[in-house]
Amino acid sequence: MTNQPPAAVLAVEGLTKDYPGVRAVDNVSFSIDSSTVHCLVGENGAGKSTLVKMLTGALRPTSGSMMVNGSVYQPNTPHDARECGIATLFQELHVVDELTVLDNLTLGMERSRFGFLIKSDLDDKVVQTLAAIEPSIDPSARVSSLSVAQKQIIEIARAASSGANVIIMDEPTAALSEREVERLFGVIHQLREAAVTVIYISHKLDEILKLGDAVTVLRDGKHIATKPLSDVAGRSELIEMMIGRNLFQDYTPRSTVTDDVVLDAQGLTNKLLKDVSFHINRGEIVGFYGLVGAGKTEIARALFGADKIAGSILFKGRMVGNSPKQAIANGIALVPEERRTQGLFTNLSIRENIPVMNLRRMSDCGVFRASEEQTAAIEYVDKLSIATDSIDKHTEKLSGGNQQKVVLAKCLFSKANLLLLDEPTRGVDVGAKTEIYDIIKTLADEGNSVAVFSSELDEVLGICDRIFLLFAGSLKSEVTNNSDVDIAHILNVVTGGGEGTSQ
Amino acid sequence: MRGSKKTGGALIQNRRMSDEVYITLLVASVAVGLFLIASLLVPNFFQWLNLLNLVTNNWAVISLGVGVTFLLVSGNFDLSVGGVVALSGVLSVWFAQSTGGANALSSGLGLPYWLAVLSAITGALAIGGLNALFVVRFRIPSIIVTLGTMMVARGIAQVITQGSQRNTNLPVEFGVLGNLTAFGTSVKLPVVLMGVLLVVAIFIERKMVFGRLTYWIGANPVAATLSGIDKARHVTFLYLFSSVIAGIVGILLSSEFKSGYSNRGTLMEFDALVIALLGGVAIAGGFGSVVGMFFGALILAVVTSAATGMTLSPDWQYILKAVAVFLAILAQTWALARRNR
Amino acid sequence: MNLMSQHSSFVDPSNPRGNKVSAFLRTYYIYFVLVLVVTVLSVANLDRFDLFERGNFLNQRNIIHILRISAPLLTLAGAFTLLMVSGYIDLSVGSTMSLSAVVYALLAINGVPFFAAFAITLVVGFGLGAFNGFLVVRLKITPVIATLITLSLYKGIALLLVQDGVSAIKSGGGLKMPEWFNFYGREGVLLGLSSAFWVAVVVTLALVIVQNRSLLGKYAAATGGNPMAAKLSGINTKKTIFSLYAVVGVAAALAGIARSSFMSLGDPLSGDGMELSAILVVLLGGTAFSGGEGRVLRSFIGALIIMALTVGMLTLVPAYYQTLVIGTTLLAAAASNHLVSRKESAQ
């Protein structure tokens, strides 16, 4: 290593992104050296995905600047970013299943004459790139016949052969098996040798320690540190940098928790879940904490009867039906993960959204009681302090927090005894968050049970009485919350560290 | 708690007309406006009788429009209604024709009339059931399914009538239903039934859970399922509902003309769709109303009858429909975008 | 590099031989169906007609007849497939065809020479298709509604172009169809088959090449298969869709010319129901509703099947069974496509 610092391939300076009420990325500055694997870590909500969206041109920064190879970089679309040599592997795959591997590799880069494809060195070049990365994939095979990992390799090969010198990988291992992860790492090392810089985003700290050259840590939208991983003293230091502060909300033990089992799940198993068993008590708030892809949503949907699953679920001592309709009739309600696409009827008003889960209460021999609906809407707008000037406002026009409150109101109106909340505060501003937590606690104090499925540690530590830790579809451990709970242990377990060992 | 807490009173006072009411009013005023313009251009247009005729002449399509509107609101097409009109009409004739006629087309099954009607409705229900099976169970796009069942329904009608019609050997009571006039006026029973259907449909749509379920399913099918709504069952009901209406329309039409004609109802599915679109029903689902559809039908009726009054060739109707739908879609999109800016 | 090639975890673990068989079936099933339909129709005819006489389904005259009247549908099948592959649909093809037929007949009857009339009609077809593309791409009207609007519009124009009191453009009233008019669609030029049929073959081959070897064909599949991926790769999906609508318009115009020439008149209703036949043919060829999947050649074979079925049926049952059989086939094709795709997604 010489004293001369290596050339920065990508640098951000004072980068800031404001959303209404939230500053997602706050004056972040750091630079990334060429031909390195640069890892980006931080808890959920730390600002990673917003930062990545700005780098890929999906979002425009509020202020600050970005530089690529020393020149100003202002992408407007992901395609602009690609033109500037920055390619991205998003979590969802962007390959065309119906085309062949070769067609996918050359998509958008074809050489043509009069609109017809012509033979060029491009084909040979991309095939060579692919062969160098993964020789076992047949370029003439249809992509639909490939595995997820192979499709990912196709995307990497496409990025590499498009001349990208920076490839951003957002949680690339979420859907991969252990052996496939090994292969991916091999590919990443190869890319680095070929002078390609990889920006690697993952929650799995072991992967980062194994793979990375340098790491940037974000917390609450702020830049905490950028340093070579050789200077990082293992998982514990990373975890410390990621948490490193007082918790957002302190947990206070609640007195209404009983030992009375309300829900008992045994041996839940599907494609992802592996023999998950747990129980939930009356008056209790339990948390399911794990990374993206750990199986939280799968458990929530299984309890709600939305997906088929092997294993048994007993609610109040009886089998739960296999449809949301029966689950609701039995007293279970779900606030789904995607509020806009799964929870709300966005082009209907608040008033029309609220009664949907409890039609019996709303109707008389099939006739809708409009006055009851209005009363209910006013009651819940008031109770949950939904900020609106009218109950006839389209839910589309509400802020994220208020939309989430409407979804909550739907569930509360169903008079459920067990409320399942999947990522209840995702994309919700701080004020509404606190209010939602208050609602949850009140509900549990009234003798109901609540299960919170979250990838935010603050959230589960702040309100849950018991926390189940999930990793890769398994329930690894159970933690009883108290003021001196071992946070490092929790993070260690959910990021794939050995159970019970913490450094 | 941030901001001032709204009292219940303010929340109601601030009630704004919904987009749906807004569009319906827009459609209604266009219908009235067009009627007035037509009155200026066409001699003898401005008469109560003419206004009444605009509705009564279109009872069949307006009735079909009710079922089609409900389905569109739930996010599904029904293009089979025209075929069902032909099928049920032909079936009612075939079932009611007495046995042992002079040739194949003049001899039927000889069922009593009420039984013939019931059986014909069962035939219509079978097509509705087929629609539901393919759309709900197999998840095939409704446009393709109902184009197919339209042909199947009309095809069966053509086989039964050997490609033409059956109109002989019918019991006397066969022609009663379609030609009965109500309360000593010239208004025929089918028109009265259409009126009843409209009132019932508006009640179901506005006041009953069933109507509300239709909007929820159309607005967001995923959220509807996760809110405990049995989408499959509801859409099945809607297809059965639509085909029963079409079946009754077919029976009434064949009673009115005392014949079962396999080409009856051709393009009625298209007209029913057109009036729904003119009335502001969105094919994306979750938006639109029966009242809007009714005014959409008025618009179409005014435009086509004014065109006839201005001695335009009847061939103009296709162009007029196309232009009307085109303008309606653009105007509604523009009006909503402007309003919600 | 060595490290890479030692692993074999990326080799597809599933049974490669079983996959090959099912892939073979998926690709070639349509030919089996064609053979099956022809065989059944031929055998079914045995007891009614002499084996080697005029009635037999598989005689030369019958084959020539079928291929000759198939020309319009065969011409249309390929272009319609490419549009469906991109995830879009055109319900106005029948009206485009009718309007083109009327325009072509009008030009011919007014003394415009063959090549000029032919070329002008193709330009009209291009314009009609491009207008569909404009409604869908620029005005963002849902494809089904946009093309229902033009279905009605083009049909209305076609009807208006024909004088009141006359059902179609034909000889009479001082005007006479030129001698050459029905040569294109009727007279055998090669192997006893008409020019219109050979044009359909050439168009199909050209579209096979477009599908396999051109940007348009590839982008159609990419747009239908994964629109987001297509956009991220910098593909102009709007231009792709617009071009495909225009191609369908030109193909429909060719089909209209073929039908008009065959019938020796410009019938403003001649294309009615063509959109149904086109959808049916494309579904038979295994094209997915959702886009991405579908082959031009298989739709061509699908069109042959439908025409064989239609004509073959006429020798077995009265003509009024036709609508029922077509409708049933449409539902059956849709259901079998569904079953195939469900099986695939379950894998």
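Predicted model: local features only at pLDDT ≥ 70, side-chain atom pairs only at ≥ 80, totals over all residues.
**Entry 1: chain B against chain A**

Chain B brings 34 residues to the contact, and chain A brings 43. I then checked the area buried between these two chains, which is about 3100 Å². Carbon and sulfur atoms give 58% of that area.

Next I searched the interface of chain B and chain A for salt bridges and found one. Which side chains form the salt bridge? They are E373(A) and R212(B), with 2.5 Å from N to O. I also counted seven residue pairs in polar contact across the interface of chain B and chain A, both residues at pLDDT 80 or more.

I noted which helices of chain B supply at least two residues each to the side that touches chain A. They are α1 (8-13), α9 (189-207), α10 (209-219) and α11 (221-226). By class, that side of chain B has 15 nonpolar, nine polar and ten charged residues.

**Entry 2: chain C against chain A**

I moved on to chain C. Its contact with chain A takes 30 residues from chain C and 36 from chain A. The area buried between chain C and chain A is about 2700 Å². Carbon and sulfur atoms give 64% of it.

I found one salt bridge between chain C and chain A. The side chains of K218(C) and E110(A) meet there, at 2.8 Å from N to O. My count of residue pairs in polar contact between chain C and chain A is seven, both residues at pLDDT 80 or more.

Which helix of chain C gives the largest share of the side that touches chain A? I found that α9(C) does, with six residues. By class, this side of chain C has 15 nonpolar, eleven polar and four charged residues.

**Entry 3: aromatic rings in chain C**

I counted 24 aromatic pairs over all chains. I picked out F114(C) and F115(C), an edge-to-face pair with 4.9 Å centre to centre and 65° between the planes. Are these two residues buried or exposed? F114(C) is partly exposed, at 24% relative accessible area, whereas F115(C) is exposed, at 68%.

I also looked at F114(C) with W180(C). Their ring centres are 5.5 Å apart and their planes stand at 70°, so this pair is edge-to-face. F114(C) lies in helix α5 (residues 114-138), and W180(C) lies in the loop between α6 (143-161) and α7 (183-186), so the pair ties together parts that are 66 residues apart in sequence. W180(C) is partly exposed, at 27% relative accessible area.

Last, I listed one aromatic cluster: Y104(C), F114(C), F115(C), F118(C), W180(C) and Y184(C).

Technical notes
Residues numbered from 1 in each chain as written. Chains lettered and ligands numbered in written order. Heavy atoms only, no water. Contact = heavy atoms within 4.5 Å. Buried area = accessible area lost by both parts, 1.4 Å probe. Salt bridge = Lys/Arg side-chain N within 4 Å of Asp/Glu carboxyl O. Polar contact = N/O pair within 3.5 Å; in protein donor to acceptor, adjacent residues only side chain to side chain. Helix = DSSP H or I, 4+ residues; strand = E, 2+ residues; numbered from the N terminus. Nonpolar A, V, L, I, M, F, W, Y, C, P; charged D, E, K, R; others polar. Phe/Tyr/Trp six-rings, centres within 6.5 Å; stacked < 30°, edge-to-face > 60°. Buried < 20%, exposed > 50% of the residue type's maximum accessible area, 1.4 Å probe, protein only.
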